[in-house]
Amino acid sequence: MRASGILMHISSLPSEYGIGTFGREARRFVDFLEKAGQSFWQILPICPTSYGDSPYQSFSSFAGNPYFIDLKTLCKEGLLTKKECDSYDWGASAVEADFGVLYKNRYDLLKKAYTRFSKKEPDNFSEFCEKEAQWLEDYAMFMALKDAHGGDSWDKWKREYRFREPDALETVRTTFATEIYFYKMLQYLFFQQWSSLKEYANEKGIQIIGDVPIYVAYDSADVWADPGQFYLDENLVPVEVAGCPPDAFSEDGQLWGNPLFRWDVMKQDGYRWWTNRIRAMAALYDVVRIDHFRGFDSYYAIPANADTAKNGVWREGPGMELFRRLEETLGKLNIIVEDLGFLTPSVIQMVQDSGFPGMKVLQFAFDSREESDYIPHSYGHHCVVYTGTHDNDTILGWMKTAPKESVAYAKNYLNLSKEEGYHWGMMRGAWASVSDLAIVTMQDILGLGSAARMNTPSTLGNNWKWRARKEDITPQLARKTRKYTELYGRVRKK
């Protein structure tokens with residue numbers, strides 16, 4: 001069945017309090033999607049962000065980002081007042097999130113909500129804590145200890161905390177009981193609001209596609225609580241870390257720094273950690289998009305003390321064994337896989353064996369020197385086509401920065417014109433393709449340039465900031481988008 005959707009992260013939604021949330025504007029965006037004839041809303045990971053503000057580097061792969069808790073909803077519930085919310089600085093720009101300001105002020109404000117919450121605890125709070133105890137206990141303790149150590153990474157904590165000595169953890173539960181309760185409260189509020197928003201979207205016929213990074217951050221509750229699942233030495237320090245080898249785009253390769261999985265250990269315990277993770281993500285989203293899928297076939301391992309990714313080696317991953325085990329335990333999985341980049345025959349075979357749809361990116365299609373697998377006439381039905389992802393420039397940005405030959409090829413192939421708008425023409429190319437599902441970014445729907453780019457890989461300090469303005473998400477824009485969606489048979493009949 002043909003369908004289409006829009007990629008728009010929660011943080012990018014309009015809001016008067018510095019960052020997008022699960023509140024009214026999220027529902028307005030769901031309404032926009034419905035009016036625009038869309039069936040899917042794709043978002044980036046919604047876990048708590050750590051250093052660099054990237055949703056792909058999180059303090060937990062199970063917890064939710066407290067920034068997305070809607071403050072106006074808390075006001076309605078009597079946990080905050082509008083005066084309190086308005087008394088804080090939330091940044092100077094309506095189109096960029098200021099994560100420094102958010103880090104400083106959001107938690108301070110939410111502690112005021114905690115004071116009222118703890119005096120009148122909701123009836124289902126303890127039930128939530130029990131249900132999510134498998135990850136929530138460790139996460140709340142991790143964050144409380146992190147605060148107590150001035151935000152330092154857990155490898156800099158006292159030995160008894162690093163090695164989770166039972167007596168030390170028991171002392172932590174008593175000494176930091178208030179802080180632990182605070183972080184549990186944040187997760188309760190997050191999941192209550194997320195569940196409500198997702199239910200609203202589903203009722204409108206919109207399914208949520210959520211991103212799952214393959215790796216987790218070293219400075220995370222995941223690694224601290226279960227170090228045996230990761231490739232660490234006797235001092236719990238990574239031996240090798242994740243990344244990508246040098247290529248035409250980067251002569252040093254990409255040094256991501258994430259700890260690698262101990263696939264041998266995971267196999268022995270029946271892939272317990274991955275089963276828990278995918279079970280949680282399948283409950284959180286309607287469709288799960290797994291990032292860097294090729295890493296399950298073979299992964300690039302770089303010495304942990306290396307300055308670049310030049311001297312890494314390829315190692316064998318679990319392959320289809322992991323996904324067969326997941327399906328045996330969890331049932332049929334609704335998954336999209338990110339299978340971009342250089343793909344070996346074994347990776348291609350794994351994608352085919354999995355039965356999961358892979359990705360096609362139009363911006364990669366127009367290398368004039370050779371025919372690309374991303375050119376629309378080479379597609380099969382069973383894939384998801386994107387004009388660009390969160391790691392790409394916007395279409396209009398790409399038109400200005402891509403090689404002239406590539407831009408000329410795209411203009412000729414897609415019959416692009418200024419009159420229609422180059423961005424609409426390239427999106428038309430995605431919608432017109434035979435791909436079962438087409439996803440475009442909200443920045444491209446809005447016709448924005450490079451300033452609205454979400455992320456430039458291997459850079460720090462200016463990513464993940466873009467936010468939309470409320471006044472730009474209009475009924476007229478929804479009608480125009482729907483016109484194209486209907487033209488190419490992508491509006492689902494109810």
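1. The side chain of Ser-220 has a polar atom 3.3 Å from the backbone nitrogen of Val-223. Such a polar contact is a pair of N or O atoms within 3.5 Å; within protein, one must be able to donate a hydrogen and the other to accept it, and residues adjacent in sequence count only if both atoms are side-chain atoms. The model is predicted, with pLDDT of at least 70 needed for local features and 80 or more for side-chain atom pairs, while totals for chains, interfaces and linings use all residues. Residues are numbered from 1 along each chain as its sequence is written, and side-chain values use heavy atoms, without hydrogens and water.

2. Ser-220 sits in the loop between strand E3 (207–212) and helix H10 (221–225); helices (H or I, at least four residues) and strands (E, at least two) are DSSP runs numbered from the N terminus. Ser-220 counts as buried because its relative accessibility is 0%; buried means under 20% relative accessible area, exposed over 50%, partly exposed in between (1.4 Å probe, protein chains only).

3. Beyond four places in sequence, Ser-220 is in contact (heavy atoms within 4.5 Å) with Ser-58, Phe-59, Ser-60, Phe-142 and Trp-154.

4. The largest nonpolar core has 162 residues, and Trp-41, Trp-194 and Met-442 have the most contacts inside it. Its largest share, 13 residues, comes from helix H9 (residues 177–203). A nonpolar core is a set of buried Ala, Val, Leu, Ile, Met, Phe, Trp, Tyr and Cys residues joined through side-chain atoms within 4.5 Å.

5. Residues that Met-442 touches, not counting those up to four places away in sequence, include Ile-6, Phe-29, Trp-466 and Leu-477.
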